[in-house]
Every structure is written in structure tokens, then in C-alpha cells.
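Here are my notes on the model you sent over.

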Amino acid sequence: MRAPKPPHVGIIGAGNIGAELYRKVLNLGWEVTFVAKSDGIYKNLTNKIDRLENYLNYASGLDVTFLAIPTLDDGTAAYEYLLSFLKLDIPVVTCEKGSLSSHFAELEPYRHRIGYSATVGGGTRLLRYMEGHVGPWTQEIHGVINGTLNYLLSEVAAGKPMGAAIADVQRLGYAEPGVNGVLEIINQEAKEDVVMKTAILFNLSNFERERRLKASDMKVREITDAEVDLLIREAGKRRFIVSITRGAPQRDDTIGGFRHQVGEWNIRGGFQALESNPLFSQLVLPGIVNGVIVYEGGENTYRATGPGAGAVPTTSAMVKDALRLLASASPAHAQRS
Ligand SMILES: NC(=O)c1ccc[n+]([C@@H]2O[C@H](COP(=O)([O-])OP(=O)(O)OC[C@H]3O[C@@H](n4cnc5c(N)ncnc54)[C@H](OP(=O)(O)O)[C@@H]3O)[C@@H](O)[C@H]2O)c1
């Protein structure tokens, strides 16, 4: 019997994630048809062969495309890449958050052809876990979905000065380049990363199919210097948690973050007090870690946790997504096998 031909893939974006993906898929024996960077098309990580606008000339015979570009706009650039491949019936695996958080409704018809595990939770695959557990009976979902904010509070709670914890996240590459200082880093993570992930989390829960949430719907209240001092004092008693709960908003003393209502669902994110919900004790996780809880009432709580970011876990999640999409038989791959 002939061995199946290896999958043919394209990789858009060749930074931390794209370069690691490139190495990973070559190690699996897959064929990389092209790599796209901001200045053109490459045949590998270094040899440029064409102008970027010609990328679709390389789509023929692709089994899957990986998308790993930054969200420089509201995700529209990434959305356009996604749509162009999906319309050709080529599945796309993405770790970029803006496209799904701003254009979920437009991408919905192609949901089964998109691998999105790495957009929230890095290598945790907590979106797929959550999708497997939510239903009409779900009462609450709570998530630690920003590894950087979790790291800051958990390190300070363990006795590290905030300045040293901030230096760690910058040295380890967990803060956006060019963003400096406690206030700027915390506010930036909340305003960009967290709201995009919250929109994806909520939309994938399918609670309100007619009313999709966009990142821009959530107005984040920036924290102040005085609130940073309070956070440092209360680091052991708080975590940045996103909560999706039924019913009207309750009064609470969350520091920073946002509140939003979609239908009967209240969506809240911020440095929440651990004592404000008995489930929160299960989300006290050390380090750059993510976690999600799906609560059905009574004793029925489901929880997944895992590494929140980093190229290795993120690309592992992306390759797993690709394997799942390939197994659901893309016509091109099925023909070549
Ligand atoms: N790093 C993580 O741990 C992590 C985890 C989960 C998700 N993500 C997400 O993964 C994505 C990539 O992150 P990264 O850390 O790999 O970023 P990065 O190191 O900045 O690399 C981005 C790559 O995308 C290319 N690029 C930018 N705009 C492009 C465009 N319009 N067309 C084609 N290529 C373009 C860049 O080209 P040049 O080389 O020419 O600049 C670069 O190769 C982001 O959306 C991020 O949020 C990252």
C-alpha cells in the first residue's frame, strides 16, 4: 500500500509563532508550500520569491493554511486572509484573535473549517473543552484568559515586588513590545488581549446566536496608580477573571476591567475578589497559566487549566487543530492520499 502523501501547508506570519510552526510541520514531514511575511512570499523562512499580494497564487493544492500575524488593526487584515482561503475550501488554523473577535458573524458559516484553539488559552485548548461542556443548562463560565495578568498577581501574591514581576514579563516576551510600566502593561492587556478573547469565548459558547459580541463592545475602565497600590496589597485575594453569568449585573468591587450585557448574559472582566464567588478558588493558578470553569449548578463544575502562552504550546495546539481539520477530509488532501 502506498504511504499517504504529506499535507501541503501555507504559513502566514513567520515571527515567534510562524517560525516555530515552520519547524514543527517540517519535523512532521509536511510540505510547506509558502511562507508569507509582511514584505512578501518566501519559499522558506529566508528566501523571498514573490510579492505579498500574490499569495493566492500559492493556494492551489494546499490542505491547510496557518495564520500567525499580529492584530495591528481590528483583525480585518487577518479576517481577509481567512476568508480568501475558506472560500477556496482550504481550512485555516489561526492563533490571531482580532478576526474572530470582530468578524465572528461573517466567519460563522465556515466555523467547522477554522482551527481556533490557539486564539484563547495558548496551548490549553480550553475553547474546545468549554465547547464540549456548555449547553442550555450552563449557569456560569469563568476564565483566567490572560497569562500575563495572572502571572503579575500570582507572583506579587507570592511575595515578589510588582516591579520585578513586570520586569519578568518584559524579559520573557509576555508584554507587548514598546509597552512599559505597571499601569501601561496592565491596561494594554485588558483593553486588547482580554476583550478579544472574551468576545471569542462568549460567541463560541453559542448562548446568543443572534447577538454576537465584538471586542469593541466592551469598554474597559483603565486602572489608576491608586488601584495598582490596592492590587499589590490585595494580590492574594484577587485574580483577573472573566465571568459570563446569567442575569443582571450584581454590585461588586472588581478593580478595572469591563461589564457588558448580551441578552440574559452578564459579561464581566477585571481583578475580581476571590471571595466574591466560591468557584474562584479553583482559578487560583500560579504563573503564565490559563483556566476555564463551566458551572452547571449544584456540584457540577468542569475545569480545564494549562500553559497560557508561548510559541511551543501555542503551535502544538495549532498542529492539533490542523490534524483534526485534515482528518475531516479536505478534498485536496483526500485526493492526494
Ligand atoms: N507569541 C505567543 O505566545 C502567542 C500565543 C498565542 C497567540 N499569539 C498570536 O499569534 C500571532 C503572531 O504572534 P507572534 O508572536 O508570532 O508575532 P510576531 O513575532 O510579531 O510575528 C508576526 C509575523 O507576521 C508577519 N506579518 C505581519 N503582518 C503581516 C501581513 N499583513 N501579512 C503577512 N505577514 C504579516 C510579520 O512579518 P515580518 O517578519 O515581515 O515582520 C511576522 O513574520 C499574534 O496574533 C499573537 O497575538 C501569540
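**Notes on the predicted model**

1. Let's begin with arginine 212, whose side chain makes a polar contact with the side chain of glutamate 108 at 2.7 Å. By polar contact I mean a pair of N or O atoms within 3.5 Å; within protein, one must be able to donate a hydrogen and the other to accept it, and residues adjacent in sequence count only if both atoms are side-chain atoms. The side chain of arginine 212 is also joined to that of asparagine 206 by a polar contact of 3.0 Å.

2. Before going on, the ground rules. This is a predicted model, in which local features need pLDDT of at least 70 and side-chain atom pairs count only at pLDDT 80 or more, while totals for chains, interfaces and linings use all residues. Residues are numbered from 1 along each chain as its sequence is written, and side-chain values use heavy atoms, with hydrogens and water left out.

3. Where does arginine 212 lie? Look in the loop between H8 and helix H9 (225–233); helices (H or I, at least four residues) and strands (E, at least two) are DSSP runs, numbered from the N terminus. Arginine 212 has a relative accessible area of 16%, so it is buried. The cut-offs are under 20% relative accessible area for buried, over 50% for exposed, and partly exposed in between (1.4 Å probe, protein chains only). Leaving aside neighbours within four places in sequence, arginine 212 is in contact (heavy atoms within 4.5 Å) with residues including Phe104, Ala105, Arg111 and Asp217.

4. Asparagine 206 sits in that loop between H8 and H9 too. Its phi is positive, about 65°, although asparagine 206 is not a glycine. For background, most residues other than glycine have a negative phi. At 28% relative accessibility, asparagine 206 counts as partly exposed. Another one to check is arginine 125, with a positive phi near 55°, in the loop between S7 and helix H5 (126–133).

5. Buried or exposed: what about arginine 111? It counts as buried because its relative accessibility is 18%. You'll find arginine 111 in the loop between helix H4 (104–107) and strand S7 (114–115). Beyond its neighbours within four places in sequence, arginine 111 has contacts with Phe104, Tyr116, Glu131, Asn203, Leu204, Asn206 and Arg212.

6. Arginine 51 is in the loop between strand S4 (48–50) and strand S5 (64–67). With 52% relative accessibility, arginine 51 counts as exposed. Not counting residues up to four places away in sequence, arginine 51 touches Gly40 and Ile41. Its side chain makes a polar contact of 2.8 Å with the side chain of glutamate 53.

7. On to the overall layout. The chain is divided into domain 1 (8–122 + 312–336) and domain 2 (126–307), with bounds that come from an automatic or database domain assignment. The contact between them takes 19 residues from domain 1 and 20 residues from domain 2. Their centres, taken over C-alpha atoms, are separated by 27 Å.

8. The largest pocket has a volume of about 1,200 Å³. Its lining numbers 38 residues, and Asn16, Ile17, Lys97, Gly173 and Glu176 lie nearest the centre. Both domain 1 and domain 2 supply at least three residues to that lining. Helices H1 (16–27), H6 (147–157), H8 (182–205) and H10 (311–327) each supply at least two, and H8 gives the largest share, 6 residues. As for method, a 1 Å grid over the protein atoms alone is used: a pocket is an open set of points where a 1.4 Å probe fits, with protein on both sides within 12 Å along at least five of seven lines, and lining residues have an atom within 4 Å of a point. Grid points are joined across faces, edges and corners, and the volume is the space filled by probe spheres set on the points.

9. Why call H6 largely enclosed by the rest of the structure? Because 10 of its 11 residues are buried. At the start of H6, a side-chain oxygen of asparagine 146 comes within 3.1 Å of the backbone nitrogen of threonine 148. Asparagine 146 is itself buried, with a relative accessible area of 4%, and a polar contact of 2.9 Å joins its side chain to that of aspartate 193. Just after H6, glycine 159 takes a positive phi of about 110°.
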